[in-house]
Amino acid sequence: MSASSAPLPPVVENIALYFDMLEQATDGVVIIDNRNHIVFFNTAAERLWGHTAAQVIGQNVNCLIPIEHKATHDGYIAHNRDTGHNRIVGKSREITFTRSNGDYVAAEMSISTAVLGPQRERYYMAFVKGVTEESHRRKILDLQNHVFTQLAGEMTEKDIAGLLCAEAERMVPNSVAVLLQVTPGLELEILSGEGLPWRRIASLTNVILTDDDIAALHANPEDARALVWHSRASDAQEIELRDCWASAVFGNSGELIGIFALYSRNRDKTTDWPQKIVAGCVPSCAAIIKQGLTRQHLTRLNHYDVLTGLLNRASITATLKDMTSQPTPLPFALLVLDLDLFQDINNVMGYDQGDVLLQIVARRLAQQCRGNFVLGRLGGDDFVVIMPGGNVETTRTFAETFTTAMSEPIEINGQELIISFSIGISLYPYDGVEIEQILNHADVAMREAKKTARGSFRLLSGVANDEVKSRLIIGSALRKAVRHSELHLFYQPQICTMTGRLYGVEALARWFHPTLGAVPPSRFIPIAEETGQIIAIGKWSIEEACRQLAKWDMAGIVVPVVSVNISAAHFYGTDLAGHIRALLDRYDLDASRLTVEITESVMMQNHTEAMTAIREIGVGLSLDDFGTGFSSLSRLAHLPLTEIKIDRSFVVNFERDVSALIVTEAAINIGKRLGVKVVTEGVEETRQETRLRAMGCDVMQGYLFSKPMPPADLPEWLRNFSALSHAQTQTQSQSEAQAQAQAQAQSRTGK
């Protein structure tokens with residue numbers, strides 16, 4: 001037997017067997033010597049790294065590890081050699097490394113160490129198992145859980161999008177992730193992805209999706225790659241991005257809301273895992289975008305008018321506050337624009353077509369405004385424009401241009417309309433430095449324009465007469481009075497003619513201003529009507545009257561009915577009956593104890609449906625100031641009234657005007673024929689009471705019985721009035737008994 005064919009010694013034969021077993025192991029095996037050089041690299045390791053054993057044997061193990069750990073790797077091994085302590089030896093851990101072609105691999109690695117040879121040198125052996133798919137499935141699930149947890153917290157959508165993109169980049173080394181949101185204009189907006197080269201960002205934000213693009217993405221979400229990836233030939237300077245994976249993101253209703261993309265700097269790819277990672281991130285992307293859209297929608301509801309998309313009153317007020325609170329505030333012009341005869345358009349064409357008109361008007365107004373103008377809707381048919389730096393000349397020019405533009409016909413539902421605006425202008429700081437002053441000044445100017453010539457504009461600066469200035473001051477103060485509860489209700493008793501007892505009380509608003517003093521209702525009520533504050537005053541009056549009635553009940557003070565005046569404005573666009581019903585429930589009051597007083601203007605504007613709704617809940621309905629307007633008796637007969645109130649002007653003129661006496665008697669007879677109560681106001685003298693009693697008037701009200709009084713004074717008045725009524729009743733009974741006895745005596749004597 002030759003030496004070459006002689007059998008190997010048992011030890012050498014066993015070593016060869018062990019090496020052969022390691023060579024055929026299904027997991028990658030890498031052994032390094034005391035100099036950190038690779039001395040063994042099996043076939044499974046070759047498949048994992050894409051290197052042959054010949055390429056790596058004798059090389060430092062740094063050639064296999066991720067680039068971010070190369071600089072410190074030898075130090076870790078040296079520390080273990082010197083101390084015998086290292087947290088990675090004897091433990092399994094997950095690693096990510098790059099193949100020779102630039103692709104990446106996720107693996108589980110465990111390291112063992114042993115001291116070998118006569119020199120007792122320390123060797124390390126690593127067992128590496130590829131777990132790319134399992135690893136990323138788990139990481140995607142963890143990422144989804146993390147995203148949904150953060151969505152329930154305080155993080156912004158942009159921050160959560162950044163978190164998702166950073167995690168995707170960790171799962172695909174040497175990559176850049178980007179989350180794009182589709183805007184209402186079908187443009188792409190970057191939520192996260194600032195790591196992209198600026199050329200790529202500019203390219204993406206210039207994309208405008210077409211209907212064909214959207215159809216293609218619905219058919220195949222991965223076609224998003226074609227939209228966000230361009231060949232390197234068309235963008236030669238962006239050579240660091242070599243590939244891209246992407247997917248469309250859809251909302252609950254199937255609408256396209258975003259695109260998630262992953263750009264790679266790797267030279268080549270041999271697996272489809274990056275696309276799977278993109279697909280796994282899509283549900284999280286959808287959740288992020290949807291929450292952002294929901295937040296934007298809520299923000300719009302808080303700051304924008306739902307119908308027109310313009311800023312709402314609260315946002316306009318906030319803008320004015322910001323502009324006037326700067327260290328050196330700059331001048332500006334404020335224009336309040338009111339659409340003329342809008343209520344007529346609503347009545348003729350319907351409220352839905354009225355809404356369409358407001359939307360068209362808002363668009364036209366926006367087209368006339370420059371980029372730095374602030375445009376909003378105050379409510380109803382009132383709009384506002386803030387012109388930074390605006391002065392008399394520029395605002396006049398704008399108002400004239402806008403008036404001309406609005407004269408162009410508008411077609412709605414096949415019908416042409418020619419509309420106009422009445423415009424009021426105020427200038428800051430010349431017309432006031434407080435927001436309420438500026439708004440109120442423009443509002444008064446607008447109403448002056450509407451009174452004198454619809455379709456015109458007014459600047460009151462420098463030429464306002466004393467009456468306008470007075471209204472301006474009162475209107476501004478009234479806004480604060482409503483907000484700061486400076487208004488109070490006084491109550492004037494109403495007396496039943498037949499019994500002489502308390503029939504009810506009428507609630508009358510009173511205003512005591514710290515500087516202006518007592519402002520009479522005849523002064524502030526018309527201004528409240530003009531400025532739209534009458535609605536707030538009316539609602540407050542009803543609630544305050546109900547609250548006071550319940551308070552009297554608890555104190556044992558019997559007030560059968562309280563009457564409250566409301567304006568015609570309450571019948572437009574508000575659920576007055578629903579508001580009243582809610583108040584009656586809150587204060588546990590029977591509906592029959594509340595009467596709503598309306599004017600003839602409400603009746604003439606044909607609000608029968610709203611009046612019927614009030615009566616259906618049991619609340620009384622009184623027609624105030626009857627006889628002073630242009631009431632139609634035929635219409636009066638068909639209204640659900642429970643009482644009519646004869647104006648005080650007729651009672652005052654009893655002695656001087658026979659016609660007033662005739663009209664009063666006729667009105668009382670009309671009331672009786674209609675089956676409603678008749679209340680006469682302005683009773684100040686006993687002679688008037690006597691005449692009204694003879695006419696058969698049901699209820700009387702006036703200074704003869706009491707002036708309007710604060711609620712705290714009513715209990716004492718009731719005690720005094722009851723005592724007086726009792727004494728008068730006894731005197732009347734005695735007089736009647738004496739008259740009867742005298743009549744009987746005369747009958748006996750034949751006289």
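How many helices and strands are there in the protein? I looked this up before anything else. I found 26 helices and 25 strands in the protein. Helices (H or I, at least four residues) and strands (E, at least two) are DSSP runs, numbered from the N terminus.

**Ground rules**

I am working on a predicted model, where local features need pLDDT of at least 70, side-chain atom pairs count only at pLDDT 80 or more, and totals for chains, interfaces and linings use all residues. Residues are numbered from 1 along each chain as its sequence is written, and side-chain values use heavy atoms, leaving out hydrogens and water.

**Overall burial and contacts**

I checked burial next. Of the 751 residues in the protein, 45% are buried. Buried means under 20% relative accessible area, exposed over 50%, and partly exposed in between, with a 1.4 Å probe and protein chains only. I then looked at contacts, meaning heavy atoms within 4.5 Å. Among contacts with a separation of 6 or more, 61% come from residues 24 or more positions apart.

**Cores**

Which residues have the most contacts inside the largest nonpolar core? I noted Trp511, Ile542, Ile580, Leu594 and Val619, in a core of 74 residues. Helix H18 (residues 534–554) gives the most to this core, with eight residues. A nonpolar core is a set of buried Ala, Val, Leu, Ile, Met, Phe, Trp, Tyr and Cys residues joined through side-chain atoms within 4.5 Å. In soluble globular proteins, nonpolar side chains tend to be buried together.

I followed Trp511. Leaving out residues up to four places away in sequence, Trp511 touches residues including Ile474, Leu478, Glu486, Val519 and Phe524.

**The five-stranded sheet**

I traced an open sheet of five strands in the order E11-E12-E10-E15-E16, with mixed pairing. Two strands pair if DSSP finds at least two bridges between them. The edge strands are E11 (374–379) and E16 (457–459), each pairing on one side only. From one strand to the next, the twist averages 20°.

Strands E10 (residues 332–339) and E15 (residues 421–428) run antiparallel and are joined by eight bridges. Leu335 stands opposite Ile425 in E15. Helix H14 (residues 392–406) packs on the sheet and touches E10, E12, E15 and E16. The direction of H14 makes about 165° with that of E15. Axes are lines fitted to C-alpha atoms, for helices over the stretch in contact, and angles run from 0 to 180 degrees between N-to-C directions.

I also looked up helix H13 (residues 351–368). H13 lies across E10, E11, strand E12 (382–388) and E15, at about 10° to E12. With 18 residues, H13 reaches 26 Å from its first C-alpha to its last, close to the 26 Å expected at 1.5 Å a residue. That expected span is 1.5 Å times one less than the number of residues. Buried residues in H13 include Leu357, Ile360, Val361 and Arg364.

Pro429 is in the loop between E15 and helix H15 (435–452).

**Hairpins with positive phi**

I compared notes on two turns. E1 and E2 form a hairpin with five residues between them. Three bridges join these antiparallel strands, and Ile32 stands opposite Ile38 in E2. Asn36, in the loop between E1 (28–32) and E2 (38–41), has phi near 70°, a positive value in a residue other than glycine. Asn36 is buried, at 8% relative accessible area.

The hairpin of E6 and E7 has five residues between the strands, and Leu186 takes a positive phi near 65° there. Is Leu186 buried or partly exposed? At 28% relative accessibility, Leu186 counts as partly exposed.

Strand E6 itself is mostly covered, with eight of its eight residues buried. Ser175, Ala177, Leu179 and Gln181 point one way, and Val176, Val178, Leu180 and Val182 the other. E6 is joined by seven bridges to antiparallel strand E9 (residues 256–264), where Tyr263 is the bridge partner of Val176. Four bridges join E6 to E7, also antiparallel, and Gln181 has Glu189 as its partner in E7.

**Cysteines**

Last, I searched for disulfides, meaning pairs of cysteine sulfur atoms within 2.5 Å. The structure holds zero. The sulfur of Cys281 is too far for a bond because the closest cysteine sulfur, in Cys285, is 6.0 Å away. Cys281 is buried, with 1% relative accessible area. For Cys496, the closest cysteine sulfur is in Cys697 at 9.7 Å, so that pair is too far for a bond as well.
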